Every structure is written in C-alpha cells, then in structure tokens.
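Q: Here is a protein model I would like to understand. Could we go through the terms used for it, one at a time?

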Amino acid sequence: MAKVFVLNAHSRQGLVSIRCLGARGLDVTAGSSRRYNAGKHSRYTDRFVAHPSPVDAPEALLRAVEAELRRSEYDMLLPINEATVEIVVRHRHRFEKHTALPFL
C-alpha cells in the first residue's frame, strides 16, 4: 500500500488531501507544526508527526522532514501551503533521494 507524508495537516487543504488520499486506500501520515488540528484527528490519518514551523524554523523543518523520510519509507511527500512548498522545492535534492515529490 502506498504511503504519503502530508505536511500542513492543520490547514483545510491539508485535511482535504488527507481525506482524498485515505479514502482511496493510501496510508497517510499527517504532519503539522500546530499542536491542535483537524488533520491529526481525521479517520484517514494513520499517523501524526509534529514538525517545526516552516516560517519560524525552516532549517529545523528540513531536518525533521528528512529524518521522518529516513525513518519510514514514503512513496510521496506532499507539502500543502506556500511556505512548505517553497522550502521543499528549493531543497528538493534533499528529499528526492528518499521519496517522490509532486513537482517537475
């Protein structure tokens, strides 16, 4: 079964992504820098990972996401909002050796 690591689980778009992927049978790990969020408690979330804020601590976020990708094998990393998309795209070389990204 495919595994996807969705960042920004606290956002509406993150929750929609989690629901869509989970409803199609994918294993979804929700990641967020916020302690309380709907994505964490979705019935489609198999696991939750807290990570640093992409705005306040971008380098710490990079290290945390890389560590999670090494710990667990994911088929895709899915950043949702502008801050995480920018960081992931700018540092894609750090992630592409561990998983697929939804960007060309």
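A: Start with contact, which means heavy atoms within 4.5 Å. This is a predicted model, and in it residues 24 or more positions apart account for 54% of the contacts with a separation of 6 or more.

Q: What makes a residue of helix H3 count as buried, and which residues are they?
A: A residue is buried if its relative accessible area is under 20%. An α-helix has 3.6 residues a turn, so residues three or four places apart point the same way.

Q: What covers the buried residues of H3?
A: The cover includes helix H2 (58-71), strand E4 (76-78) and helix H4 (92-95).

Q: How much of the protein is buried by that cut-off?
A: Under 20% relative accessible area is again the test, and 42% of the 104 residues pass it.

Q: Why does the radius of gyration agree with a compact globule?
A: For 104 residues, the rule for a compact globule gives a value near 13 Å; the protein has 12 Å, so the two agree. Along the principal axes, the C-alpha atoms fill a box of roughly 30 × 30 × 25 Å.

Q: What is the order of the elements from the N terminus on?
A: The protein has four helices and four strands, and they run β-α-β-β-α-β-α-α.

Terms used:
Residues are numbered from 1 along each chain as its sequence is written. This is a predicted model: local features need pLDDT of at least 70, side-chain atom pairs count only at pLDDT 80 or more; totals for chains, interfaces and linings use all residues. Side-chain values use heavy atoms; hydrogens and water are left out. Helices (H or I, at least four residues) and strands (E, at least two) are DSSP runs, numbered from the N terminus. The radius of gyration is taken over C-alpha atoms; the globule rule is 2.2 Å times the number of residues to the power 0.38. Buried means under 20% relative accessible area, exposed over 50%, partly exposed in between (1.4 Å probe, protein chains only).
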